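Grab a pencil and open the viewer. Here are a few exercises to work through, each with a solution.

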Amino acid sequence: MNKRLLALLSVMVIVGGACSPAATQAPAATGGAASQPAATTAQESATITVWARNYTVEEGRIQPWAPDPKSAFEAAHPGVTVNLAEGVGSTDQFNRIELSRAGAVEDKPDIFQLDNIWLGQFVDEGITANLDSYYANWADKSDIVPAYANSTIVKGSQNAVWFYSDIRLMVWNKDVFKAAGLDPEKGPATWDELFADAAAIKAKVPGVSPVEFPASSEESTVDRFYSYLYMTGSNILNADNTKAAFNDAGGQKALQLYVDLVKQGYTPKAVLGETADDNIAHVFSGKAGIMLATVGDGLGSLPDGFDVTKFQSTIGAALPPLCTGCQPASTAGGWMLAINADSPNKDLAWDYITRVTDGKNMVPFEVDRTRIPVRTSGLAEADAFKADPYFAQEAEAAKVAHFPPFIAKYTDMIEILWTGMQKAINGDLSTKDALDEAATKVDTLLAP
Amino acid sequence: MVRGAFGRATPWLLLALPLLVMFLFLFLPYLLTFFYSTTGATIGRLFNVPQVGLKNFQTVLSEDAPSFISVIAITAIFTMGTLLGSLALGTGLALALHTVSAGVRSALLAVYLIPWVISAVIIGYTWRLIYDPAIGLANSVLGMVGIGPVDWLTEQGIALSALVVANVWAGYGIVLLVVSGALANVPPNIILAGQVDGASYARIVRRVILPAIRPTFLLAALVALVSGLNTFDLIYAMTRGGPLYHTETMALEMYRLTATKGNIGQGAAVTVILFTISLALAVGYVLIWRRENRKWT
């Protein structure tokens, strides 16, 4: 009997090990984020639970949520409190919202922060409340930059309020440029200049990657590529978001830029394993000369030992360089706030959202994190943004920025796109074949 | 008579709590996983899910990016590499430690076990830094001896080998611990007899020590095998299965489908396949263990 029992236990332990990653790991990473129960139904003594990104509720840094908006809101609604739940990273934020909808976690937010690329999916799944009636009576709606205000309309209705935005700029390391005999204050403005600068860095600064871009299996790979795609006149999807458009001549030209940089030895093939965070760390440390596109000018991701003065003397930033016959372009991303469709306190949630997203309230946070205001009143606070040495470039990029499509299957679509990009960069397929293959898969994915 | 009945029930009473815990935390998740593998569950829809039969298995097995065959092949190579590397390093170190005094052995054993007690995620990020082509130690060392930089985590063959090295470093400790324990129980007189007969240490190891610890060695091998098969966190921290799914093992495939794509049904289908493979290995182990046990008792 002992032997049988031992054998049985061995089998269970071994097989238990086999099942643990799928059965427990993914949900465990996402659960337990909020610490308080969801709002009650009585508005007189309600709690408004907010699920935000980690860095917007970081202790010791400027927060858009508090102290002013929170205290003013609570003073205006005696008995109502705001519960700023624990902030989490991007993936965990997505998962906890989805799990909450599925009923797999008890906590439910009244307000949640969402990446703009999730909006289509969340609307499709009925997670976000329809905000048309609130927008209709909202005086401040005209303060939102029209391109942004229009982007929150999905299926003909308003579903979210823009929180803050970010924009893509090219950055370079001035010390590397000096060592290569280049003008440290002038980054490449065209693709020809990009290759010329890369050649100079390669020749004169050994051990440094002249140009980097993310190409690993994650979202920043496509996000940082879009600016180059847009400038050629190409787009990600067609006008009604039903078919791939990235495989046209412009898309091929943009991807060929990446392929040529690798082929000519200006970009290490190792970028296939690197994220945007890896690239920017390399630029800051002087191990890379140029990063084709990053969030803002990189001021928001300062490493230890850097202050604004050192940042400005080390890092340069400008609009992504242009190809011949192309138009200036950048990519806008950012975060929105939405009200949970199941929230019993939608009116209160809306009131708090309007206080938080107020243009003037957002400015200190946006300056601190080098985010771009989505309000005209915020953009008018030019003096406040003087702390960001490249705010002028960011504002310039904002004028030519494009949004990725807010479609329900966006996260599935970008996996197909980055896999196609990797095949071309790795030399497995030509740019045309790689993008055509990806486009066929995207068309199948988006087919009704 | 009452005492007799109570006596017979004692083992089951003692086992009741562990069995309940096992039911809740092992069998119930298994059952749920099996259930979800036949449904169209997604991360946003976990209840009232539609039944899809074996469709998830068909989808997973016919997927071309990555193909399931390549996932199986990568898993097999990674697992075998981990197994052989852990056994070689763990057993080699245990044998080396067996030759020094007990005090020194204890101190060194504690040092050698450090990687085993460090979180795999930390080990993964550490090795990722070591392999960083721009600022990593690996290329710096190569540069000192005049060898050009290597894209450690980009080229498929090199990336898989680099992951195996990191995983062996992370996991050889359990083999070292188990084999060291077994070596301590090898009767000194049979080693002495070999020495008296003039056998070299290598010959004694091959002909005397290793056969004496064979059952334990088998256990260490099984632990290393299952550890390799289920490695997730270290690979995720180092490559996330990329680029181009070149390092995507079954554990990573489970995670990608479940957590990244939110397709609980397909992720559960991969889990069931991995479960079946692990079950086959477990049954094989028990059969071999029983045969070996009969030999030695």
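The exercises below concern a predicted model.

**Exercise 1.** Work out whether the span of helix 8 of chain A agrees with its residue count, then find what its buried residues pack against.

*Solution.* 
- Step 1: Helix 8 of chain A covers residues 191-204, which is 14 residues.
- Step 2: At 1.5 Å a residue, the helix should span 20 Å, and the end C-alpha atoms are 20 Å apart, so the two agree.
- Step 3: Now look for residues under the 20% cut-off for buried. In this helix, the buried ones are Trp191(A), Leu194(A), Phe195(A), Asp197(A), Ala198(A), Ala200(A) and Ile201(A).
- Step 4: The buried residues of helix 8 pack against helix 7, strand 7, helix 10, helix 11 and strand 8 of chain A.

**Exercise 2.** Find the parts of chain A linked by the salt bridge between Asp140(A) and Arg375(A), and classify both partners by accessibility.

*Solution.* 
- Step 1: Check the distance: the N to O separation for Asp140(A) and Arg375(A) is 3.7 Å, and the cut-off is 4 Å.
- Step 2: Locate the ends. Asp140(A) is in the loop between helix 5 and helix 6, while Arg375(A) is in the loop between helix 15 and helix 16, so this pair, 235 residues apart, links distant parts of the chain.
- Step 3: Asp140(A) has 29% relative accessibility, so this residue counts as partly exposed. Arg375(A), at 2%, is buried.

**Exercise 3.** Compare that with a salt bridge inside a helix: how many residues separate Asp436(A) and Lys432(A)?

*Solution.* 
- Step 1: The closest N and O atoms of Asp436(A) and Lys432(A) are 2.7 Å apart.
- Step 2: Both residues lie in helix 19 of chain A, four residues apart, about one turn of the helix.
- Step 3: Both are partly exposed: Asp436(A) has a relative accessible area of 22%, and Lys432(A) has 43%.

Note on methods: Residues numbered from 1 in each chain as written. Chains lettered and ligands numbered in written order. Predicted model: local features only at pLDDT ≥ 70, side-chain atom pairs only at ≥ 80, totals over all residues. Heavy atoms only, no water. Helix = DSSP H or I, 4+ residues; strand = E, 2+ residues; numbered from the N terminus. Expected span 1.5 Å × (residues − 1). Buried < 20%, exposed > 50% of the residue type's maximum accessible area, 1.4 Å probe, protein only. Contact = heavy atoms within 4.5 Å. Salt bridge = Lys/Arg side-chain N within 4 Å of Asp/Glu carboxyl O.
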